[in-house]
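What follows is a short report on a two-chain model. Keep the sequence and the coordinates at hand while reading.

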Amino acid sequence: MSKIGIIRDSISVNKPVKIEYINKIETTVNKIQIFYSTGNFNNAATVVILLVNPDVSSYTAAYIRERVLRWISDGLSSTSALVLNEYLGKIVPTQVGVIGTQTTGQIISAVDSATACVASPNITVAIDANNAAPLIGTGIYIIDGGTGSGFPGIPTEPVAAGNYALLLGLTQYFITVNSVSNISFVEVCPLALDYVFNLQNLGAGPVTNADLDGISFSLRSFFINNYFGYVGYTGNPNSEPPEFQGCDSAFNESVYGSNNAMWPIGDINNAGKDFSAFDVSFAISLSDSNVANFQDANFYISFDLNANAGVVADATFVPFQIGFGTSPIFAESPTTGIPGLGDGTVFVTPTQTQNRFRDLLSGEVFVPAVGQSLIGNANFTNGSWLNVNLFTGQVSFVNNTTCNP
Amino acid sequence: MSIFSLDKLVLSIIQRVTHKQTNKQMSKYIYINGAVESNPTNVNIGLVPIDEVVDFECEVTAAPLQFVVYLGGPYESTTNQQYNIQVDNNLISDVQAKIQFDRAFSRAYLAAVEGFEPVTEFYPPNGVTITALA
């Protein structure tokens, strides 16, 4: 049997750590990193121990290294497994183990919930969660770099006790971290929606540039069998006009033009569709509600805004994220697809047999001149043409900031 | 004590001595059982070679919930073991399940390291079942 030592982590789990085949030991005032000889360990060959250090001037990296070496030396000649905590005195190990799957987020210090929910976290952390709401009692620690489970960041130190804003995925939280770098309180921040587009307000049209609910999506309709025929178009409409045409009223393919088939404006203006009975809304959350820039803004969709009397705070908005072949597209969708888009199902038309919903949407989106943000000072006096990453729901780039068809 | 019982006792002592003498070379394993010890329909889900364990942890915030044993043995084929687990939240919260599970496995591991038996049984805590080795 190989020799082991014990390290007790912040939830009082005795973690075994091998004290043989060690190739290198690195210490900082907040971290011990043990590298094993790859000749003996071909997999997961580094163990990281994060430390809460009450006095970094007294308990230096050199001091910690000396303690670790003593623990290993004693352990190798002992018949029982020795506990590192007993060698470290007031220094407390928090997280212990290999760098496994990791969910990254950002934190920033915040005095209270109100402050946290409007803060812009910028310190990268790893958290024992998977984009779900973090659970009370789970660990959180600061990392250096890393882009997720494929390229995990290197833990550098525990998170100091205190209150923080935590951004995880598209959701922001107000959290409290206790003295051993575990989350001890979690509160979900309400979505900060700058603009809401209630398609029901478009009714039977005609939709013009005066309709601030008139967002419109470019479609690759050729993926869907009999799309134009099913919706009710005649002639040869264009559902995917290039931005220069979509934004220029000189072209019939422009957003409000007679040959436009973008959704929903084209459907209403040129195919006689009536949105009065559809409960579908979109929303945009700017990266900064005080700056008129759609770059990195996040799109959301709701299927119950009108069921909640148009009260945004009562409606459920979910990230506008679309995967290949998923059904329903959104768990909240009442019709598997989006009501009002074709037949509302993931197949879009009754004669389409393959789920090509993700292919249908091109990601190009027209946003009218929406004016001032509902919650900030951002003010858009012109329409915009955006490219949205449909996997993340985030604006990848802004094609045109003066799109006024 | 019957002769039969005496034979068993002598055999047991010999086995213990033999194990003690060969302890440094002997491979040891933890049998991962699917349910609490008292469950009459318990089944073995997996086998953990304890000499290769580098770390272990319950990941209880993602679906499916998993218990991961990180292995770092000397063999090219060594891969981590991921066990899918189910938590009955009527009996235990996810966080408590993680803590109890990790502590229970730690106890089993240390018992295996310090004991003489080639196989140590591991049972999940009450409220947690292991459904599969993913």
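In chain B, residues 24 or more positions apart supply 54% of the contacts with a separation of 6 or more. The model is a predicted one. Chain B has 134 residues, and 31% of them count as buried. Its secondary structure comprises two helices and seven strands. Read from the N terminus, the order is α-β-β-β-β-β-α-β-β.

One open sheet of chain B has three strands in the order β2-β1-β6, with mixed pairing. Its edges are β2 (44-49) and β6 (119-122) of chain B; each has a single partner strand, so one side of each lacks a neighbour in the sheet. On average, neighbouring strands here are turned by 25° against each other, direction ignored. Helix α2 (residues 94-114) of chain B packs on this sheet. The helix touches β1 and β6 of chain B, and its direction makes about 170° with that of β6(B).

Other strands of chain B pair as well. Strand β3 (residues 53-59) of chain B is joined to strand β4 (residues 66-71) of chain B. β4(B) also pairs with strand β5 (residues 81-87) of chain B.

| Strand pair | Sense | Bridges | Facing residues |
|---|---|---|---|
| β3(B) and β4(B) | antiparallel | six bridges | B:V53 and B:L71 |

## Chain A: overall content

Chain A holds seven helices and 23 strands. It has 405 residues, of which 44% are buried. Residues 24 or more positions apart make up 56% of the contacts in chain A with a separation of 6 or more.

## Helix α1 of chain A

Helix α1 of chain A covers residues 61-77, 17 residues in total. At 1.5 Å a residue, the helix should span 24 Å; the end C-alpha atoms lie 25 Å apart, which agrees.

Which residues of α1(A) are buried? They are A:I64, A:V68, A:W71, A:I72 and A:G75. Seen down the helix axis, the buried residues of α1(A) fall within an arc of 95°, so they line one face. That face has several packing partners: β1 (4-8), β3 (22-27), β4 (31-36) and α2 (85-88) of chain A. On the other side of α1(A), A:A62, A:S73 and A:S77 are exposed.

## Two sites in chain A

A:F299 sits in strand β17 (residues 298-302) of chain A. It has 26 C-beta neighbours inside 10 Å; the cut-off for buried is 20 or more, so A:F299 counts as buried. Beyond its neighbours within four places in sequence, A:F299 contacts A:F282, A:I284, A:F320, A:V388 and A:G393. A:F299 and A:V196 are 103 residues apart in sequence, yet their C-alpha atoms are 9.9 Å apart.

A:S179 lies in the loop between β12 (171-177) and β13 (183-188) of chain A. Is A:S179 buried or partly exposed? It has 15 C-beta neighbours inside 10 Å and therefore counts as partly exposed. Leaving out residues up to four places away in sequence, A:S179 touches A:V52 and A:A161. A:S179 and A:V92 are 87 residues apart in sequence and 9.5 Å apart in space, C-alpha to C-alpha.

## Backbone details in chain A

Two cis peptide bonds come next. One runs from A:G205 to A:P206, with omega near 0°. A:P206 is in the loop between β14 (195-198) and β15 (216-219) of chain A. Another runs from A:S327 to A:P328, also with omega near 0°. A:P328 is in the loop between β18 (317-319) and α7 (357-360) of chain A.

The loop between β18 and α7 of chain A also holds A:T336 and A:V348. A:T336 is not a glycine, but its phi is positive, about 75°. A:V348, a residue other than glycine, has a positive phi near 75°. What is the burial state of each? A:T336 has 18 other C-beta atoms within 10 Å and is partly exposed. A:V348 has 26 C-beta neighbours inside 10 Å and counts as buried.

Definitions and conventions:
Residues are numbered from 1 along each chain as its sequence is written. Chains are lettered from A and ligands numbered from 1 in the order in which they are written. This is a predicted model: local features need pLDDT of at least 70, side-chain atom pairs count only at pLDDT 80 or more; totals for chains, interfaces and linings use all residues. Helices (H or I, at least four residues) and strands (E, at least two) are DSSP runs, numbered from the N terminus. The expected span of a helix is 1.5 Å times one less than its number of residues. A residue is buried if 20 or more other C-beta atoms lie within 10 Å of its own, exposed if 12 or fewer, and partly exposed in between; C-beta atoms are placed from the backbone. The arc is that of the directions from the helix axis to the C-beta atoms. Two residues are in contact if their C-beta atoms, placed from the backbone, lie within 7 Å. Two strands pair if DSSP finds at least two bridges between them. Axes are lines fitted to C-alpha atoms, for helices over the stretch in contact, and angles run from 0 to 180 degrees between N-to-C directions.
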